[in-house]
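Please open the structure in a viewer and keep the selection tool at hand.

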Amino acid sequence: MEYEPVIGLEVHAQLNTSTKIFCSCSTEFGAPPNTHICPVCTGQPGVLPVLNKKVVEYAIKMGLATHCTIARVSRFARKNYFYPDLPKGYQISQYELPLAEHGFVEILVDGDTKRIGLTRIHMEEDAGKLVHPGSFTDTPYSLVDYNRSGVPLIEIVSEPDMRSPREAGAYLRTLRAILRYLEISDGNMEEGSFRCDANISVRPRGSEKFGTRTELKNMNSFRNVEKALEYEIERQIAVLESGETVVQETRLWDAAAGVTRTMRGKEEADDYRYFPDPDLLPLVVEESWVEDVRKSLPELPSEKRDRLVSQYGIPLYDAEVITAEKAVADYFEACVAVCDAPKQASNWVMVEVLRELKESKREITDFPVTARHLGEMILMIEKGTISGKIAKTVFAEMVATGDPPEKIVREKNLIQVTDQEAIEAVIDEVLSENPEQVDRYRGGKTKLLGFFVGQVMKKTKGKANPQMVNKILKEKLDK
Amino acid sequence: MSLPAYHTVRDLSRALQDGAVSSTEITREYLDRIDRLDSQVKAYLYVDPDGAMAMAREADTLIRKGEASPLTGVPIGIKDVICIEGIPNTCGSKILQNYVPPYSATVIEKLKSEHVVFLGKLNMDEFAMGSSTENSRFQVTRNPWDLERIPGGSSGGSAAAVAAALSPAALGTDTGGSIRQPAALCGIVGLKPTYGRVSRFGLVAFASSLDQIGPMTRSVWDAAMLLNVIAGHDPKDSTSMPREVPDYTEGLEEGVKGMRIGIPDEYFIEGIDPEVEKAVRDAIEALKDGGAEVVRLSLPHTEYAIATYYIIATAEASSNLARYDGVRYGYREASAKALKEMYEKTRSEGFGTEVKRRIMLGTYVLSAGYYEAYYRKAQQVRTLIRRDFAEAFEKCDVIMTPTTPTPAFRVGEKTDDPLQMYLSDIFTISANLAGLPGISVPCGWTQAGLPIGVQFLGATFSEPIVLRAAYSFEKRFPFADRYPDLVAR
């Protein structure tokens, strides 16, 4: 039988406000343990939460950017459970009345766009972090760092609209791009500021009914999400094929072993006993506030992508790659403004620039080659000042030194030779040095043209304009 | 040793300002009386003589410089559920036995800025759960009028301290009557302000949507003076209302002429002690003589108040008390070897019976499958109770009722019967559910010498009217100079 996976994702994104959601402690990452804490975020007796308005603004931004309806009245609720990293014994979240609902995002997979529904977006507080000396299993004691306790999160819950791990990956990349464009989260999965749990089931293709789902946790990269889903699809299909039934449970992804393992069953699932938090009033969001936020929204990734296609005539695929990061798209546009050669610019950005960034693990904002310099270099190619081949050398030098291309070309004497007489002189030299080959050429072995071109380029250290060399050589040999 | 020279905060304040007495003298007087009497009353869990004397000296300096405000130099006791930085705060619980808060409650900051003198922390039912102060894990406070009897609760330490002149005034907290009920049983004034009038920041939560801090004093005027200082919006408490604070002592003298006083049928029921009923009916007559108009009315959902209260209050408590897990502060059962075991042992040992009973009740009513039938239903009934009062206050300005159905009962009398104990809050609970201001004022003593209280309830933020009615009655029945025998002995 052929099976179809059904996937829904729950994403937690840390918002990059400067202070926590319910107190004024700093949210700075990487500070020494328990230095960004206060009575509120450590759950001292008698303290009360006060909502950080900036968090609401950021959450509204995400809601609007994903076509959600923003609730005029939403409520915070308490999610009750015990764990040492949760200082109050409950997490302040939203439950019955979330801030945003009924949205969608569009993802691009194999050139086709697909709409993925968003059930809801709500705000909540992050928990602290346990630190185990030694290994988790034989640790003599655990320590708790509450710096992260109270850092604002939004939880973005999708509809079960994805039908493959690749769609899930595309969805996550799309969400991340939107968060980063809005500048409300850095979306870093490895550092934990962007976390994903997956709900997955399989069903016979064509069936309307959902199969029994499992929930997957502990995937710390996009690639791992896709791998875990791939594994789980295979596992569930194998279970069904063997005539058994899938058990509804939570499973942990073990990246090292490449498998998912049972964490807890449905019966062991916590009853969180949600109820409205009596310490916080219902959150009223005036329409005027929503409108102000709407006006402040930047151009979003899909909008920018479509604009790049229509404005610069670059392929959709190029535009998708370039707009994945706003800073890269900005770089591209700044580069085109200088060189006015969009296709060349997109090639250079997509291939050379992104490769360099990936290899050096740098952000484009820290990249030594400025958009202006790259544009100038492309312009030199366009004008014939340097050849495309030489450009690679120049680019490498620009990466190494950060110098403008003119300086490199001048100092390294890399300007393309386009002087007719100079090229003729070199060609004459080559011809007189190789009389034998000249005879064979003239005898019909015209393939030897490449040999002569190579000799000329060697003598000019690659700087002779290749078109001119070809043309003059032919003229002289065919005489 | 004799009776205090100044019976009220108002008189004491005048004497301090006039230089007739110094704060250090007065503070010393109260500390001495605590030394002499508190071994019998057991009102204080913690006395801070050095801190109090230091504050008194500072107050005297300010008074001499003419920089004093009305409460400067006045000693006060604080219920042990309101945090004072650096001073133990136990909530009457073993689980917070060694807990010293790293911050002060907003009301404490406000009193500090007036240079009030803190004498110490007062006993209470564990986490304010109880009506007799017998649920304290440390000691049973006694009613100064009869040491065999309970002072009421949960602010029993506060009430007993003020009644026995172990403090001129105190702060209590009221979740279902915990200020008004002990005030009535100890023969003093207890005011529960409108929900949102006084900041809850630093008040260790029992039931967040019901808790409110209020003054416990020897006169209505004193309660108004204290409310003047502690009321007001607090940016640290989202449920405190951004509303101006009037001078609550203003207009107290205006009387009750033309005031419409509502008498709800549901509050004069079978089971009320006849002496209590008579005293309250006499109090109503007294105000009638003063020109008030008496209106009979009905609050039809009253009979559901206790059930509603014990669902909402316990639900919130089950969550509020989850933080006492032995991880960060307070008691931890050290013998536990694993996390779950630590939680279970710590909480089993750390909490008392009544607290555990309520945590379990609250956990149950919030559980999947029961939430709709209990918690949501209770919220709906709460709305109906609120509506009852809103309709009633279209017909009247204040409502007058007994504060409690009976005078103080004996120590141990109801400890085995939680339901009987819950019924002692039957007249006070509705005001918390509806968020209304309420005050209890002494209106008589039984033949056995036990105090009786009358309660005035008003619409939200109608403290000025409630205080005026109470003050008007108090003028006809002054009691501030009346002390239990043990004080004069």
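**Stop 1: the two chains**

Begin by colouring the chains separately: 33 residues of chain A are in contact with 38 residues of chain B, contact meaning heavy atoms within 4.5 Å. This is a predicted model, in which local features need pLDDT of at least 70 and side-chain atom pairs count only at pLDDT 80 or more, while totals for chains, interfaces and linings use all residues. Residues are numbered from 1 along each chain as its sequence is written, chains are lettered from A and ligands numbered from 1 in the order in which they are written, and side-chain values use heavy atoms, with hydrogens and water left out.

The size of an interface is often given as the accessible area lost when the parts come together. Here chain A and chain B bury about 2800 Å² between them, and carbon and sulfur atoms account for 57% of it. Buried area is the accessible area (1.4 Å probe) that two parts lose on being put together, summed over both.

Next, select B:Arg200 and A:Asp279, whose side chains form a salt bridge with N and O 3.1 Å apart. A salt bridge is defined as a side-chain nitrogen of Lys or Arg within 4 Å of a carboxyl oxygen of Asp or Glu. Between chain A and chain B there are two salt bridges. The count of residue pairs in polar contact between these chains is 20, both residues being at pLDDT 80 or more. A polar contact is a pair of N or O atoms within 3.5 Å; within protein, one must be able to donate a hydrogen and the other to accept it, and residues adjacent in sequence count only if both atoms are side-chain atoms.

On the side of chain A that touches chain B, the elements giving two or more residues are strand E4 (77-80) and strand E15 (275-276) of chain A. Helices (H or I, at least four residues) and strands (E, at least two) are DSSP runs, numbered from the N terminus.

**Stop 2: the domains of chain B**

Then display B:Glu349 and B:Lys94, which meet in a salt bridge of 3.5 Å, N to O. The count between the two domains of chain B is one salt bridge.

**Stop 3: salt bridges within each chain**

Side chains of opposite charge can pair when their charged atoms come close. Over all chains, the salt bridges number 64.

In chain B, select B:Glu277 and B:Arg281, whose closest N and O atoms are 3.1 Å apart in a salt bridge. Both residues lie in helix H8 (residues 274-289) of chain B, four residues apart, about one turn of the helix.

In chain A, select A:Glu429 and A:Lys459, which form a salt bridge of 3.3 Å, N to O. This pair links distant parts of the chain: A:Glu429 is in helix H12 (residues 420-433) and A:Lys459 is in helix H14 (residues 449-459), 30 residues apart.

Finally at this stop, select A:Glu299, A:Lys304, A:Arg307, A:Lys326, A:Asp330 and A:Glu333, which a network of salt bridges links.

**Stop 4: cysteines of chain B**

A disulfide is a covalent bond between the sulfur atoms of two cysteines. The rule applied here asks for a pair of cysteine sulfur atoms within 2.5 Å, and the count over all chains is zero.

Is B:Cys83 buried or exposed? B:Cys83 is buried, at 0% relative accessibility, and B:Cys186 is buried at 0%. Buried means under 20% relative accessible area, exposed over 50%, and partly exposed in between (1.4 Å probe, protein chains only).
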